[in-house]
Amino acid sequence: MSEIPARPRVTHRAVLAIALPIVISNISTPLLGFADTAVMGRMGDPKYIGAVALGALIFTMVYWTFGFLRMGTTGLTAQAEGAGDGEEIRAALGRAVLIAGAIGAGLIAAQWPIALIAFSLLDGGPEVEALARGYFDIRIWSAPFALANYALAGWFIGLGRAKIALVLQVFLNLVNVFFNIWLALGLGWGVAGIAAGTLIAEIAAALLGLAIAARALGAYPGRWTRARLLDAARLARTIAVNRDIMIRTVVLLLSFAWFTAKSAEAGNVTLAVNSILLQFVTVSAFFLDGFALAAETLVGKATGARSLERFDMAAKLSTLQAGGISLVLTAAIFVFGGAIIDFLTIDAEVRAAARVYLAWAAMLPVLSVWCYQLDGIFIGATRSAEMRNAALVSSGIFLFLWWLFLPYGNHGLWAALTGFNLMRAASLGFYFPRLRRGLA
């Protein structure tokens, strides 16, 4: 019988081996949306671009809600690997895929009310909505496979095999681009071709991921057993972890939705300015998320091995690297932010106003890196209840700060968002000593 592979020491190299593939994967993903836009841009009517953007937005919001399938699976798998439990490594994947399949089937069954609610909230005009509904009707059938891809990515990352997660993401993107071009332009299917291409890509990526996972399991002892897979206590723990992460994710999404809504209420210029500046925040998150994921994996393995020394090294080294990257990002935004704003808009009023508020976006990477890292640490340790509580408290503080800073206009809105991220870090920091004592 195979033995669990030797676990390497926690080093800067080990952190980078996980973080860099994730960063590359994060950066590659927006290119897919760019490719879809370019394909639809050749159809000769802006309604096609709008329809794909509207349909894709619905799936982005729905799938973000179930992002726990990636995060929860990473922590649980890393702990099983750290404990040297081959059967639990198998079961962690099996449970995640089963949950993904069940949720995906539920989304397919509930597609009519989902579409009704989504299109009632998103007004794109009759022509755009008709095309977007066609997109939705096709792509919804990929839901079990799309969510299985979340579970597979979390499982590979939890094992410390982030390069495989990157390969699967790049494979999905390439297959998607190929079929989108062929079906939408080559066969003239238009928006339906984009949806069908995405459906094919998500199915293909899930099947490839499962094949690679089956091969990877040969390196771990144990076998598939229904008793372990459906063990009541372990299944309940999996559900509890995922439930708390889902609540946390929804709360965070609602907080950012509030920021966007209040930006819109302030007028078109303010909405445009904040949308541009949030692009800096999003791109920064692509980089910082890689180091948070490294913390998830390495902390999870340390927790599974019950090693306080490895836990401390994982938290310290991943945070040092993330902190260094955050300083680089902040400096880059201060130096190049004005030029990037000019590239993103030609409107003189928006350009001038964006420069007024640029410092807020520039400071966010170095101020927010702590909440990213603590998220990663707590996910790795599967302490999801604390994450849920921290998100609820932080969102309450965010709304209070928004109300308190109302007289300061858009500066006040950005101050509230900054305070929100600082509170996320402070609230998780409050729980951190107790988390650490649990391994002592």
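Which side chains meet in a salt bridge at 2.9 Å, N to O? The legends below answer this and describe other close-up views. The model is predicted, with local features needing pLDDT of at least 70 and side-chain atom pairs counting only at pLDDT 80 or more, while totals for chains, interfaces and linings use all residues. Residues are numbered from 1 along each chain as its sequence is written, and side-chain values use heavy atoms, with hydrogens and water left out.

**View 1. Salt bridge between Arg-70 and Glu-296.** The side chains of Arg-70 and Glu-296 meet at 2.9 Å, N to O. Arg-70 lies in helix α3 (residues 68-82) and Glu-296 in helix α12 (residues 268-304), so that the pair links distant parts of the chain, 226 residues apart. Helices here are DSSP runs (H or I, at least four residues), numbered from the N terminus. The whole structure holds 17 salt bridges, each defined as a side-chain nitrogen of Lys or Arg within 4 Å of a carboxyl oxygen of Asp or Glu.

**View 2. Packing of α14 with α16.** The axes of α14 (residues 348-380) and α16 (residues 409-437) come within 9 Å and cross at roughly 20°; axes are lines fitted to C-alpha atoms over the stretch in contact, and angles run from 0 to 180 degrees between N-to-C directions. The two helices are therefore roughly parallel (under 35 degrees). Their contact has 20 nonpolar, six polar and two charged residues; Ala, Val, Leu, Ile, Met, Phe, Trp, Tyr, Cys and Pro count as nonpolar, Asp, Glu, Lys and Arg as charged, and the others, Gly among them, as polar.

**View 3. Helix α11 with α16 and with α3.** Helix α11 (residues 232-265) packs against α16 at about 165°, with axes 10 Å apart, and the two are therefore roughly antiparallel (over 145 degrees). The axes of α3 and α11 come within 9 Å and cross at roughly 140°.

**View 4. Nonpolar surface patch.** Phe-334, Val-335, Phe-336, Ile-340, Phe-343, Leu-344 and Met-363 make a patch of about 720 Å² (Shrake-Rupley method, 1.4 Å probe, with only the protein chains shown as cover for residues). Patch residues have over 30% relative accessible area and no salt bridge, with nonpolar side chains (Val, Leu, Ile, Met, Phe, Trp, Tyr) joined within 5 Å. Helix α13 (residues 308-344) gives the largest share, six residues.

Notes: Angles under 35 degrees count as roughly parallel, over 145 as roughly antiparallel, 65 to 115 as roughly perpendicular and the rest as oblique. Patches are made of residues with over 30% relative accessible area and no salt bridge: like charges are joined within 9 Å, nonpolar side chains (Val, Leu, Ile, Met, Phe, Trp, Tyr) within 5 Å.
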